[in-house]
Amino acid sequence: MYQWRKFEFFEEKLAGKCAIPEEVSGKIECCSSGRGKVVIGCDDGSVSFLDRSLHFSYGFQAHSSVLFLQQLKQRNFLVTIGDDEQISSQQSRCLKVFDLDRIQPEGTSSMSPDCIGILRIFTNQFPEAKITSFLVLEEAPPILLIAIGLDNGYIYCIKGDIARERITRFKLQVNNVSDKSQSAITGLGFRVDGQALQLFAVTPSSVSLFVLQNQPSRGQTLDQIGGNVNSVAMSDRGELIIGRPEAVYFYEVDGRGPCWAFEGEKKFLGWFRGYLLCIIEDQRSGNHNIYDLKNHLIAHSLVVKEVSHLLCEWGNIILIMADKSALCIGEKDMESKLDMLFKKNLYTVAINLVQSQQADAAATAEVLRKYGDHLYSKQDYDEAMAQYIHTIGHLEPSYVIQKFLDAQRIYNLTNYLEKLHEKGLASKDHTTLLLNCYTKLKDVDKLNVFIKSEDGFGEHKFDVETAIRVCRATNYHEHAMYVAKKAGKHEWYLKILLEDLGRYEEALQYISSLEPSQSGVTVKEYGKILIEHKPVETIEILMRLCTEDGESAKRVGANGAFLTMLPSPVDFLNIFIHHLQSLMVFLEKYTNKVEDSPAQVEIHNTLLELYLSNDLNFPLMSQASNGGEISVRATRPGAGAMSNGKFVADGKDLTQEMDRMERQEKGLRLLKSAWPSELEHPLYDVDLAIILCEMNDFKEGLLYIYEKMKLYKEVISCYMQAHDHEGLISCCKRLGDSGKGGDPTLWADLLKYFGELGEDCSKEVKEVLTYIERDDILPPIIVLQTLSKNPCLTLSVIKDYIARKLEQESKLIEEDRRSIEKYQEATLTMRKEIQDLRTNARIFQLSKCTACTFTLDLPAVHFMCIHSFHQRCLGDNEKECPVCAPEYRSVLELKTSLEQNSKDQDRFFQQVKSSKDGFSVIAEYFGKGVISKTSNGPTDCQTLLMWNYYEDETIPPEQPVLGL
């Protein structure tokens, strides 16, 4: 093993070699360690305990002579074997178990633990022999398994609870050996593998294995060569270790395993934290070597004198010499060991060291980083990158990437970035850098593998949007589209198809294959481009989305509820911002197919804007390549098209005008169809429609809306603004007939218009006067005052009208005069009768009863109305005449009704307005006494009456109203 490197990974503790305390006076026969103390047994029967500093803690007398002892680990028990003079002379050796947690002081310098069990080792069935080895195994408490090796090849085993003397004994025997001197048990070792319990037994000439759960257990010989006392140990993996002069051998349950050729007599053998401890004696002196078998190095080497015992406790190795001195050796910390290796550039050893000692991943990554830096400084970039790759997950990737950004090291950088992505630790920037490396190397195969690779869950190991963006920027469009489609990034997929490749038909097919909700989102995003290049196909997709066509038609539900689930055409209006003609086509198709859309008001509003607009862009118009000049091919009969003459412009204007007229016709049809007669309000915004009609000078639509809204004055105002006298009169004929629900006052407005016109309109005025006279709309004085404002009209225009009105008024005056005379005569007769009743006596001469027509006899009742009755015919009603009472009551009821109606002002004004002659209604109210004529000022009713007449211009403000 001269090739193994030597290092000083261990150092002496406790300031070097120290002496065993003087309190340990006898010869040291055995030692043990555990639970933070070192136990020493001497030939004088004393047992001493040393602390961490190897100072004496306490001691007690266990036997007259201690041969073997073992400190248990699970329980604080001490098991000893020794001679005891108190025992019968026949059997002087016994086994004792002490409970170290129960200590009784015996004096100032010593304390004695309780002895909880004493057993005789030798009995009649277990004859006495020399004890050569001793080992205790702690099974489930309180069970102990004690193995005692003898010089005759037997192993006495004691199992059970010794404190309660519940034990069983059995013995094992190695295979018969002809030479009895070679049959002594020199070493024992327990191996616990799950439920299997096995015992290694070593003699100078053999190695045997016993399976203890099988009773009786028979030994299996593993090797025909054994080992001496103190040259047997057990590793922490349950391997038996035997040291022989030529080598150190390891044994498994199936036989000999690996061996290590360490030459020299193995005085002591031990195992400590994965290290093999050997005390090798040669002719001159002894060497204490600590071997790291995994890393093939000597962790420590020290020349020592004669060693009597080897222990391990407190993380240290304790050597007890024959001269009662002790040497404590401890392992250096990992940082110190690594610094030692780094100074010698032994990075591979450092890596193996941290891995073998199961250091944390961060410490291992740091060693690998330093090794990588060392290789990088030597320009061994491939090996350096191999080390850096092992640090992924612990070392910041930017540290490595910065070193390999040079173009000459792009292959190494690519390798590192690939590993980074495989472990799922790559960021967006790492993905960008890796894809750029692929594109610079033009390594399409690796790019394909990277793009199309997936993890176990079917997800990509990189940031999808970053990969798409980089592939798109480097013109690897197919790869970008693959990633976008695989990841469901429909927006990116379509963006590449439309903006980079211009494959519009493929984009439309892809949109059609998506779910309706996703199709709607993508169309909103890229509809402008699609409408520009493929308007017909795009409109078809929109129709499938917004109507019951396609997959969505399979849904079940009420029609109204179903339409609510579909997207609305209003959601897609923004994509037609530069293609209004296509928008008009789309909305027309939709309205023809869907009649009760929830968004029909918004759709109709949009269509009205398109129909009534004067500057809509048409598909017949195209931008010429020279400076954007507009040119339209137009053909006239008998003339050729001139590219730079007047014909082109005229053709353009003609085309625009024809299209505008066609759209206005559609707009008028929409205004009419969207306002059915059964609906109070139309299926469009009336205010918006009026504004559109006014802005675009669409007279027909404006007249229709005003007429539907019964705004007749606004209707004739339109004709007045257009100076369309014929249409104005026709409109008044249609809308001014009160018998058909029209407004007769329109004729008054029309007369006022002609009166203020300032031009000769005699023909029209005569026709208007005919209808005013027919319906008796205005008094003649108002007609005269209105027409007098037009200087172009002569008296001949109204001469016949005035003559007829004067004749009519004369007849009315004559009739009123005769009525007045009649009423005056009747009034005079009534007054005379009243005076006669007041001043003269009334003579009743009737001889018959008015009720029964029999001769009148007493008792009789006579009334002032000259009616006489028998008292019996009247019954209880003697206060009024049965004949005249009904007429009198009707008069009283009429008077009461008139008084109540006088308080109902709305009814009064309604009668005034609905009457052709409002003054007659007022006069009738005065005549019936409803309106009091005795008040000092006008009543509320009179005041309201005057203002209403002034506002309606029925009576001029300067004319008195019957003295009101």
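This is a predicted model: local features need pLDDT of at least 70, side-chain atom pairs count only at pLDDT 80 or more; totals for chains, interfaces and linings use all residues.
Histidine 725 is found in helix H22, which spans residues 725–735. In total, the structure holds 26 aromatic pairs.

**Histidine 725**

- With a relative accessibility of 13%, histidine 725 counts as buried, because buried means under 20% relative accessible area.
- The side chain of histidine 725 is joined to that of tyrosine 753 by a polar contact of 3.2 Å.
- Once neighbours within four places in sequence are left aside, histidine 725 is in contact with Tyr753, Phe754, Leu757, Glu759 and Glu764.

**Nonpolar surface patch**

- A nonpolar patch on the surface is formed by Leu837, Phe844, Leu846, Met864 and Ile866. Together these residues have about 390 Å² of accessible area.
- One of the patch residues, leucine 837, lies in helix H26, which covers residues 796–839.
- Leucine 837 has a relative accessibility of 34% and therefore counts as partly exposed.

**Aromatic pair of phenylalanine 122 and tyrosine 156**

- Among the 26 aromatic pairs of the structure is that of phenylalanine 122 and tyrosine 156, whose ring centres are 6.1 Å apart. The ring planes stand at 70°, so the pair is edge-to-face.

**Aromatic pair of tyrosine 381 and phenylalanine 404**

- Tyrosine 381 and phenylalanine 404 also form an edge-to-face aromatic pair, at 6.3 Å centre to centre and with 80° between the planes.
- Tyrosine 381 lies in helix H4 (residues 381–390), and phenylalanine 404 lies in the loop between helix H5 (397–403) and helix H6 (410–422), so the pair ties together parts that are 23 residues apart in sequence.
- The relative accessibility of tyrosine 381 is 21%, so this residue counts as partly exposed. Phenylalanine 404, at 0% relative accessibility, counts as buried.
- Tyrosine 381 and phenylalanine 404 belong to one aromatic cluster, which is formed by Tyr376, Tyr381, Tyr388, Tyr399 and Phe404.

Note on methods: Residues are numbered from 1 along each chain as its sequence is written. Side-chain values use heavy atoms; hydrogens and water are left out. Helices (H or I, at least four residues) and strands (E, at least two) are DSSP runs, numbered from the N terminus. Buried means under 20% relative accessible area, exposed over 50%, partly exposed in between (1.4 Å probe, protein chains only). A polar contact is a pair of N or O atoms within 3.5 Å; within protein, one must be able to donate a hydrogen and the other to accept it, and residues adjacent in sequence count only if both atoms are side-chain atoms. Contact means heavy atoms within 4.5 Å. Patches are made of residues with over 30% relative accessible area and no salt bridge: like charges are joined within 9 Å, nonpolar side chains (Val, Leu, Ile, Met, Phe, Trp, Tyr) within 5 Å. Accessible areas come from the Shrake-Rupley method with a 1.4 Å probe; for residues, only the protein chains shown count as cover. A salt bridge is a side-chain nitrogen of Lys or Arg within 4 Å of a carboxyl oxygen of Asp or Glu. Rings of Phe, Tyr and Trp (its six-membered ring) pair if their centres lie within 6.5 Å; planes under 30 degrees apart count as stacked, over 60 as edge-to-face and the rest as tilted.
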